[in-house]
Amino acid sequence: MLVSFEGIDGSGKTALSNLVCERLRRGGREVVHARERGVLATAAARRVRELTRDPRLLELSPRAELFLNLAREAQQLEEVVRPALARGALCVADRSLHSILALAVAGRGLPRAEAEAAVRAASGGTWPDLAVLVDVDPDLARLRKRVGKILEGRADEPGSRKGLAGHGLLVRIREHLAAEAAAAPRAWLRVANEGRSLEALADEVAEAIAARAEGRAPRRRPAPAPPPARLPGPAGIAERFEAAVDALAAREPALAAHLLAGIPGRAAHARRAALAGRCPAVVARALEGLSDPESHALRWALAGRVPADVAAGLGADASPEAMRLRAALLARAPGPAVAGLVAADGADAWALREEALDRGELEGVLRGLAGLGSERAWALRADGIGRGLWEAVGRSLAGVDGARADALRTALAAHDRLAALRGTAGVDSGPARALRERLFPLAPKRVLRTLAGNAAPWTWPLRERALAETKEALDAVDGMDHPLAWALRAEGVARWPATAVSSLRHLAATARGREIVAAALRTAPASLPVLRNAHAALALAAHAPGPAPGLPAAVEASCTP
């Protein structure tokens, strides 16, 4: 019997499939997992996967991607799955043919008939007997994925090629898989990974699979998650959010900590402090954007345990206390300690950079040069080019305008176009615009992320083109009090309610901002990400009623993946 676990990135299917295998093995079954702990079982499949994930392969066409994915799956079927089934073992796959079809059709827009024919050919007649759809709100899945990367020490790694299309791709894949499950209920088992522990869900799914293998009715069927409480409206946002975080902390403490990221106030601080012992790295990064004494005290308390994460959680803060903490972190995490020195051109900032360079941390120093056009900065960029540090050089060019910067971005694009694109954040020159427009069809998410704060006339058609397809069209109006920005929020709030709210920043307390918050809550009354963003936006507006000083959001974002 072949069982596949399907679902979008961050749904929890990998963790769930491994827990289910453990339970089935304890029951005396031989169980072969074709992707144990997230690692494909065959070397050939792993090599092919590297190609499909490489974000530098921008021109890889949807058909080429489909055939590569099918080659990976065909190898797994030939080398692992069919031998296991032949000897009577139960075989489990973390993603299989269903997800490949969903990506090709719903994600990339290939004709269904063509994709289905290719999938059938690659399957060789072997198809999952049961598909377990691990369903989750895409916004929540995105947060879980981010938390997982922090816990695994991969928070600063670049994303995959699939991520270049933007968040909308996950939404479309989820809709496709849900439709497939609804159309063939006997071949699918749909479970919601929200509102209960993964351990309890694994028990129920393992029993359902065992029952299917034995030809009997399950002793207990996986129960749907209880419907989340409907939110009453803006008046109860803080209370509802705090109650939701407290409930989540018992089963997913790291996710609870991540939901508190950047939220000011005593209540949020108390909850972060309570979670610090259980998930210090997530809490340290959740302090980004906060410069109150309590937040700095918590950073100092965590500095010995997770120095790199504490440094990352400083963001672009160059206050005296932040600089003192950076100096203390330099010995253990020199790169992260200086990577946040965006636009800092004072003597203390350069002293930290020089010490980091003495420790061999040119890459971290480059990441913190965004917004700087001094000769010292240009000399370091030239050194970075000579050493092939394309991505770090690209980050260093964010917010740097002028012919010299445009020339370097052009030269950088010959080596790494995405690195050059990152360097266009906060810049509105002709060459920067041309690079964005050229790469928009291939990497819309990355292009849109560089447009925050940019109100040039040519930027609005790009946002409008992307609005129906992905949420990053609204990320590109973060904090913007512009008629066209408000129009985009009003149009996009029904499709992307969580992002429409997060794009408000300090504008959440305005009359129009409150209208967007209320519309988002009406659209998704049970969405935890919408609730979180509504609470965060209103809390930030209450603590900082005006626009935050400093560089545009797009430039500060250039310091993070």
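# Exercises on charged side chains and rings

Arg-142 is partly exposed, with 32% relative accessible area. The model used in these exercises is predicted.

**Exercise 1.** Which residue meets Glu-363 in a salt bridge, and how far apart in the helix are the two?

*Solution.* 
- Step 1. The partner is Arg-367, at 3.5 Å from N to O.
- Step 2. Glu-363 and Arg-367 both lie in helix α18, residues 362-367. Because they are four residues apart, about one helical turn separates them.
- Step 3. Compare accessibility with the cut-offs. Glu-363 is partly exposed at 36%. Arg-367 is buried, with a relative accessible area of 15%.

**Exercise 2.** Name the members of the salt-bridge network that contains Arg-216, then describe the bridge between Arg-216 and Glu-214.

*Solution.* 
- Step 1. Follow shared partners. One network joins Arg-29, Glu-207, Glu-214, Arg-216 and Arg-219.
- Step 2. Take the pair Arg-216 and Glu-214. Their side chains meet at 2.6 Å, N to O.
- Step 3. Arg-216 has 26% relative accessible area and is partly exposed. Glu-214 is also partly exposed, at 45% relative accessibility.
- Step 4. The whole structure holds 48 salt bridges.

**Exercise 3.** Which arginines sit over the rings of Trp-350 and Trp-496?

*Solution.* 
- Step 1. Start at Trp-350. Arg-353 lies over its face, 4.5 Å from the ring centre.
- Step 2. Go to Trp-496. The charged end of Arg-495 sits over this ring, 5.0 Å from the centre.
- Step 3. Test the distances. The distance limit is 6 Å from the ring centre. The values of 4.5 Å for Arg-353 and 5.0 Å for Arg-495 meet that limit.

**Exercise 4.** How many aromatic pairs does the rule give?

*Solution.* 
- Step 1. Recall the description. A pair of aromatic rings is described by the distance of the centres and the angle of the planes.
- Step 2. Use the distance cut-off. Ring centres must lie within 6.5 Å.
- Step 3. Count. The total is zero aromatic pairs.

How values were computed
Residues are numbered from 1 along each chain as its sequence is written. This is a predicted model: local features need pLDDT of at least 70, side-chain atom pairs count only at pLDDT 80 or more; totals for chains, interfaces and linings use all residues. Side-chain values use heavy atoms; hydrogens and water are left out. Rings of Phe, Tyr and Trp (its six-membered ring) pair if their centres lie within 6.5 Å; planes under 30 degrees apart count as stacked, over 60 as edge-to-face and the rest as tilted. A charge sits over a ring if NZ of Lys or CZ of Arg is within 6 Å of the ring centre and within 35 degrees of the ring normal. A salt bridge is a side-chain nitrogen of Lys or Arg within 4 Å of a carboxyl oxygen of Asp or Glu. Buried means under 20% relative accessible area, exposed over 50%, partly exposed in between (1.4 Å probe, protein chains only).
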